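Please keep the structure open as you read.

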Amino acid sequence: MITAIVMIKADVHRIPEVAEAIAEIDGVSEVYSVTGGVDLIAMVRVRRHEDLAEVIPGRVNKVPGVLSSDTHISFQTYSKHDLESAFAIGW
């Protein structure tokens, strides 16, 4: 599974609608409304690297109200939750 973190600047008058539209896109697992230099952060999870092109520039960036985005692709995941579930197997 390939994970991309997409930081999105959106029309400030449409942030809830933009977030909801992005959350409906296949491959987008979560959308967070955040403070700071961006308005939304979307987590995109796909099976193949090539699928990122379809999801992010092909769909996310075309949502009305998206002004720009900056994508970061994950190399490796470190998660306390994943470790806890791995150690819980068989308990």
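A residue is called buried here when its relative accessible area is under 20%, and exposed when that value is over 50%. The model is a predicted one, and every value below is computed from it.

**Helix 1 and its two faces**

With that cut-off, helix 1 (residues 15–23) has Ile 15, Val 18, Ala 19 and Ile 22 as its buried residues. They lie on the same side of helix 1 because they cover an arc of only 100° around the axis. On the face turned away from this buried side, you will find the exposed residues Pro 16 and Glu 20. The cover over the buried residues of helix 1 includes strand 1 (2–10), strand 2, strand 3 and strand 4 (66–73).

In soluble globular proteins, nonpolar side chains tend to be buried together. Here, the largest nonpolar core has 21 residues, and Ile 8, Ile 22, Val 28, Leu 40, Val 44 and Val 55 are those with the most contacts inside it. Two or more residues each come from strand 1, helix 1, strand 3 and helix 2 (49–55). Strand 1 gives the most to this core, with five residues.

Not counting residues up to four places away in sequence, Leu 40 touches, among others, Ile 15, Val 18, Ala 19 and Ile 22, which are the buried residues of helix 1. Its partners also include Val 6, Met 7, Ile 8 and Ala 10.

**Two loop residues**

Asp 39 sits in the loop between strand 2 (28–33) and strand 3 (40–46), while Arg 59 belongs to the loop between helix 2 and strand 4. Leaving aside neighbours within four places in sequence, the contacts of Asp 39 include Ile 8, Val 12, Ile 15 and Tyr 32.

Is Arg 59 buried or partly exposed? Arg 59 is partly exposed, because its relative accessible area is 39%. With neighbours within four places set aside, Arg 59 is in contact with Ile 25, Asp 26 and Glu 54. Arg 59 and Ile 25 are 34 residues apart along the chain.

The distances for these two residues are gathered here.

| Pair | Distance |
|---|---|
| Arg 59 and Ile 25, C-alpha atoms | 7.4 Å |

Key. Residues are numbered from 1 along each chain as its sequence is written. This is a predicted model: local features need pLDDT of at least 70, side-chain atom pairs count only at pLDDT 80 or more; totals for chains, interfaces and linings use all residues. Side-chain values use heavy atoms; hydrogens and water are left out. Helices (H or I, at least four residues) and strands (E, at least two) are DSSP runs, numbered from the N terminus. Contact means heavy atoms within 4.5 Å. Buried means under 20% relative accessible area, exposed over 50%, partly exposed in between (1.4 Å probe, protein chains only). The arc is that of the directions from the helix axis to the C-beta atoms. A nonpolar core is a set of buried Ala, Val, Leu, Ile, Met, Phe, Trp, Tyr and Cys residues joined through side-chain atoms within 4.5 Å.
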